[in-house]
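Hi,

Here is the structure I promised to pass on. Have a look at it first, then read my notes below.

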Amino acid sequence: MIPLIKTLLPAKEILLPRLEEVLYSGYIAQGDVVDEFESAFSKYIGAKNCLSVNSGTSALHIALILAGVKPGDEVVSTAITAEPTNTVITQTGAKIVWGDIDLDTGNLCPNSVESKITDKTKAIIAVDYAGTPINIKRFQEIEKKYNIVVIQDSAHALGASFQNEKLGNHFKYTTFSFQAIKHMTTVDGGMICIKDDNEFEKAKLIRWFGIKKGFSRLENNIHIQGYKYHMNNVNATIGLVQLENISETIDKYIENGKFYDKELQNIEGVELLKYYPESQPSYWLYTLKVQRRGDFIKSMADNGIMASELHKRNDLHSIFSDFKTKLPNVDKFEKTWVHIPSGWWVTEKDREKIVDCIKKGW
Ligand SMILES: *Cc1c(COP(=O)(O)O)cnc(C)c1O
């Protein structure tokens, strides 16, 4: 079976000596290797302030804290995402206000978001779903017009870009995840790119109990609520080794995605998604809309190809039932959306087979 998602780890001969070195170095907590990892990531993205943490969820939580989100505030978000995007909102005590999506892309619709803004709106979380950049231009306009923070959840979109600049550079806060099945894994981990230098310093405190690193406990006075969200030298070592090949890895996703964009056009029962102008997706998943989805998934499985919706629209979870609202485009999207494999493990032969199977019909 060609899987829909797969964990990528560097070759044993390369990774294990590096891990052995760090594991027995006497320093496995957050130290120099974490700093090195952050610098290497920062260089890859082209963003100045990158702070590593223990998960993408922690990165989102720090972003919400920096945005000043408090209990009772409203955060506009999307139902088409993985759950952490939204459980982290209720974690702060804020209310979720669901925005509808653009039917062409599956991403949060800027017009819908604008119609949901109230004087209680503190932040917007917009997800580059499946690796497709959000409508960056419009969300930047919204940020300015309403003076509301946009947090870009780029957990699916490492290496994607807008106007030839990688995601991580366009909003006050952009978050990434290094969980097992993302483009790049550190086993678990995350990153938050922060525009403002002062907020970057504040985020360092929030990451580690509110304690300032490099000063003794006696010299420290905790003045803000912090958490145990830091990354350690072991995970950072994996990250550093992963980053040595990150461009090649991302290129494989993009090549496969572009292949499908070209080869899957004009097929009966298939509708391809669109991308916003000047944006380059990193195709963590390749999403399409198909008729008779159940049959499609079964036919793919019969041919050894995994296809799936992967995610459940988040507004259906009981924990979010207080926030229920009408989302006509989500209703339409959820009837037809499906993902096919497009990652580094999909060979030229595999992707040709996938296209042939779709062309044959189901
Ligand atoms: C994976 C993911 C997260 C959370 O990342 P973790 O590292 O698992 O905490 C957040 N948002 C989206 C869209 C994700 O897919």
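A word on labels before anything else: helices (H or I, at least four residues) and strands (E, at least two) are DSSP runs, numbered from the N terminus. Residue numbers start from 1 along each chain as its sequence is written. Bear in mind that this is a predicted model, so local features need pLDDT of at least 70 and side-chain atom pairs count only at pLDDT 80 or more, while totals for chains, interfaces and linings use all residues, and side-chain values use heavy atoms, with hydrogens and water left out.

Two loop residues first. Glu 278 is in the loop between strand S10 (270–272) and strand S11 (279–280), and its phi is positive, near 60°. Arg 292 also has a positive phi, near 45°, and lies in the loop between strand S12 (286–290) and helix H10 (293–302). On accessibility (buried is under 20% relative accessible area, exposed over 50%, partly exposed in between, with a 1.4 Å probe and protein chains only), Glu 278 is exposed at 53% and Arg 292 is partly exposed at 48%.

For the N/O distances, an oxygen atom of the ligand is 2.5 Å from a side-chain N or O atom of Thr 57. A ligand nitrogen atom is 3.4 Å from a side-chain N or O atom of Thr 85, and a polar side-chain atom of Asp 153 lies 2.8 Å from a nitrogen atom of the ligand.

Finally, two buried residues. Gln 152 sits in strand S5 (residues 149–153) and has a relative accessible area of 0%. Its side chain makes a polar contact (N or O atoms within 3.5 Å, one able to donate a hydrogen and the other to accept it; residues adjacent in sequence count only if both atoms are side-chain atoms) of 2.9 Å with that of Asp 128. Tyr 260, in helix H9 (residues 246–263), is buried at 0% too.

Cheers
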